[in-house]
Amino acid sequence: LKAMCFHCHGEEPKPKGKLDVRLVRLMQKGGRSGPAVVPGKPAESLLWEHIASDEMPEGPKKLTAAQKAVIKAWIEQGAKTLRPEPANADDAKYSE
């Protein structure tokens, strides 16, 4: 996500679609279209829907099949992080 999504959904003061993907809780909250991640349910996760269909990221550079598999598995396994997320998203560059 950091490599392909942060430039539109995390690094800008106003993320596109009001979606910030820097922290899991922000993805669960979602943006203009609703929650981006539903832990354990990739089929209900807009993030997965847009990535799987190659709608996102915009432009010619897309995620590889291996990158997509990692994201899908992460959602299936509950979209967990290795460490607790910081209280303030601005204190985080990304969550592992």
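Reply: We can begin with a charged pair: Lys-16 forms a salt bridge with Glu-58, their closest N and O atoms being 3.3 Å apart. The model is a predicted one, in which local features need pLDDT of at least 70 and side-chain atom pairs count only at pLDDT 80 or more, whereas totals for chains, interfaces and linings use all residues. Residues are numbered from 1 along each chain as its sequence is written, and side-chain values use heavy atoms, with hydrogens and water left out.

Me: Why is the pair of Lys-16 and Glu-58 called a salt bridge?

Reply: The term requires a side-chain nitrogen of Lys or Arg within 4 Å of a carboxyl oxygen of Asp or Glu; the N and O atoms of Lys-16 and Glu-58 are 3.3 Å apart, and therefore the pair qualifies. The two residues lie in distant parts of the chain, 42 residues apart, with Lys-16 in the segment before H1 and Glu-58 in the loop between H2 and H3 (helices are DSSP runs of H or I with at least four residues, numbered from the N terminus).

Me: What makes Glu-58 exposed, and what is Lys-16 counted as?

Reply: Buried means under 20% relative accessible area, exposed over 50%, and partly exposed in between, with a 1.4 Å probe and protein chains only. Glu-58 has 53% and is therefore exposed, while Lys-16, at 42%, counts as partly exposed.

Me: How do you know that Lys-68 is buried, and which residue does its side chain meet in a salt bridge?

Reply: The relative accessible area of Lys-68 is 14%, so the residue falls under the limit for buried. Its side chain meets that of Asp-54 in a salt bridge at 2.7 Å, N to O; Lys-68 is in helix H3 and Asp-54 in the loop between H2 and H3, 14 residues apart. Asp-54, at 31%, counts as partly exposed.

Me: Why is Arg-22 called buried, and what does its side chain reach?

Reply: Arg-22 has a relative accessible area of 12%, and therefore it is buried. Its side chain reaches the backbone oxygen of Gly-10 at 3.4 Å, and Arg-22 also forms a salt bridge with Asp-20, the closest N and O atoms being 2.6 Å apart. Asp-20 is buried too.

Me: How many salt bridges does the structure hold?

Reply: The structure holds four salt bridges, among them the pair of Lys-16 and Glu-58.

Definitions and conventions. A polar contact is a pair of N or O atoms within 3.5 Å; within protein, one must be able to donate a hydrogen and the other to accept it, and residues adjacent in sequence count only if both atoms are side-chain atoms.
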